[in-house]
Amino acid sequence: AQAQTDFSPIVIDRYGLRDKPLRIICQQVKQRGIYVFMDLLVDRTFKEGDNVVDYQNVERGAKFTGFYDKRIIELQKKYAADLLTHYNPYTKLSYENDPVIVSAKLINEATMFYMGTKFDLSEVYKKELDDLWNSWLISKYGGRDGLNRAWTDKYGRADLKADEDPRLGNVRRGETLLSYQRSGSEKIEPLREADTMRFYYDLQNEYFADMEKYLKSIGIRVPISGSNHWVNIWADVKSNARLDYIDRHRYWDHPQLSYGTNVLFEDQPMVKNPKDALPNNFAYYNVNGEPFVVSEWNCCFPNEFRIEGPIIMAAYANLQDWDGVLQFSFNQPGYNAPMEDNFNISAWPNVWAQWPAAAMLFYRGDVSKAKNTYERVFSDSEIFGPIKEDNPIADEPLLPLITRTVINFGPKKIIPDTSYFLDKFLDRGKKVINSDTGQLKWNYGDGIFTVNTPKTQGSIGFTGGKWIDLSSVKIYAETPFSSIMITSYDNQPLVKSKRVLATCGARIENFGQVYNETRTQLVEVGKAPILVEPVEGKIFFKDRTPKKVTGLDIAGNPVGSAQLIKNGFAISKDSKAFFYDVSF
């Protein structure tokens, strides 16, 4: 628990690290057990001296051209070498030899399969891509005659136009549109579309293989991942699976139209909307046998239910046996300014307070790995057919909230039966989902999620006026929406633990913050200070009475004692505590 206090984002200011060079930050965070995921191409813009053709019009971050333009790939390699082989005089190591660096990511949030959304690609790089495409067709089919045969179906309908010839370099790529762009209708040139998907797949694989080989040649020994787009497409996931691990990004209630405070949002709680929840959407793209990391996720501001995220993600990461979940982001730590950033959890004390409980749950494996695994195998015709982005693994979005799910790729499509899981663990009438471990229960009718493990127990959601009866504790909250987690502090089961951490949080808002009538936009952003809704209620320990209960503020400082009652303690609405240190 002390370590969690030391990991606070305030550490950046406390140790004078703000705006310090990477070499100093790496040294300091390394001393505190914090590790670095190194992204090699994120948001680079190019300058005249880079010798990049049409550098002014390269798309931001080179999210497409970064996969295939030789000069831009050369610059990626140079940057990687300059950075990773740099000797840090503070650590006495170069970065490729420093265990503080735990991963190298090639290109952030990019995929060739998103090309159908890119309508302003530079003409220079569009022509380069078209030339590569036509050369790929020649290599595969030998010329126009072979291509025409391949692109003619059994009914004699041909996708190749009379004036198209790959040796003339004028065969048009398919549009590879996402499902919402197709207006519900299938493309009329399926053979062209399928080959375009295969071309992008080969192009992306070639880039991944080339960069992986280069990084290893300069001494990189940590796991390498490709990219982590937020739109999940089977062909892209299969391409990424050739590297060391799968990495994905996703957000709950991501701001619409822009970023900051002048945005539209839905302000819906995840606990009442499990079909679109973060854990099951990530689980659709977990490849069997591949390590799986979520390097960006969050429940975004101004959504008022953000507190639900950390425990839910940690719990299902355990159930699904994922390898890492990184909440994005930390920026300008402290609570002396109004909330304006959509992702900055270091400015949200109620969310940041969930981290000790979420971290202990995840790292100890308090939630057991699912007892079963459901594996869905996709055939080539599905992988390279019309794009079905963010598609439920078995057309059942709730399945990953029940059991572990994985996907795989093979020559034949295999869709196992889901009835065992759905009949036994899902009650659609009562709107209740149980994990096959019996430790997680999602009542999406009432909007209540509970964790019931030997070392962590608690509830999240609309628990106001309701009793939550778990195996070792019983919780009653007056606060309409809250998160109350009871965590063993000494790694013993709660029934035996001598010291327990109770984490209690509710909603927060800026002073003077005003929503519109539908709560989908901020009429007034408000100002500091941040107002914290208190949690009022009672926590009971079955057959045990605490000896002492001390309230702690967000930094772990004592802020008074809670009222002891038989077998538990009462939380006053006047309490300013985020945590309660409970001794037996």
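Gly365, whose phi is positive, near 70°, follows helix H12, where helices (H or I, at least four residues) and strands (E, at least two) are DSSP runs numbered from the N terminus. The model is predicted, so that local features need pLDDT of at least 70 and side-chain atom pairs count only at pLDDT 80 or more, while totals for chains, interfaces and linings use all residues. Residues are numbered from 1 along each chain as its sequence is written, and side-chain values use heavy atoms, with hydrogens and water left out.

Helix H12 itself spans residues 355-364 and is mostly covered, with 7 of its 10 residues buried, that is, under 20% relative accessible area with a 1.4 Å probe and protein chains only. The buried residues are Pro356, Ala357, Ala358, Ala359, Met360, Leu361 and Phe362.

Elsewhere, 3 strands form an open sheet in the order S1-S4-S5 with parallel pairing, two strands being paired if DSSP finds at least two bridges between them. Strand S1 (36-39) and strand S5 (224-225) stand at the edges, each with a single partner strand, so one side of each is left without a neighbour in the sheet. Strand S4 (residues 101-105) pairs with S5 in the parallel sense over 2 bridges, and Ala104 stands opposite Ile224 in S5.

Helix H11 (349-352), strand S19 (499-505) and strand S23 (527-532) each supply at least two residues of the lining of the second largest pocket, and the largest share, 3 residues, comes from S23.

Notes
Buried means under 20% relative accessible area, exposed over 50%, partly exposed in between (1.4 Å probe, protein chains only).
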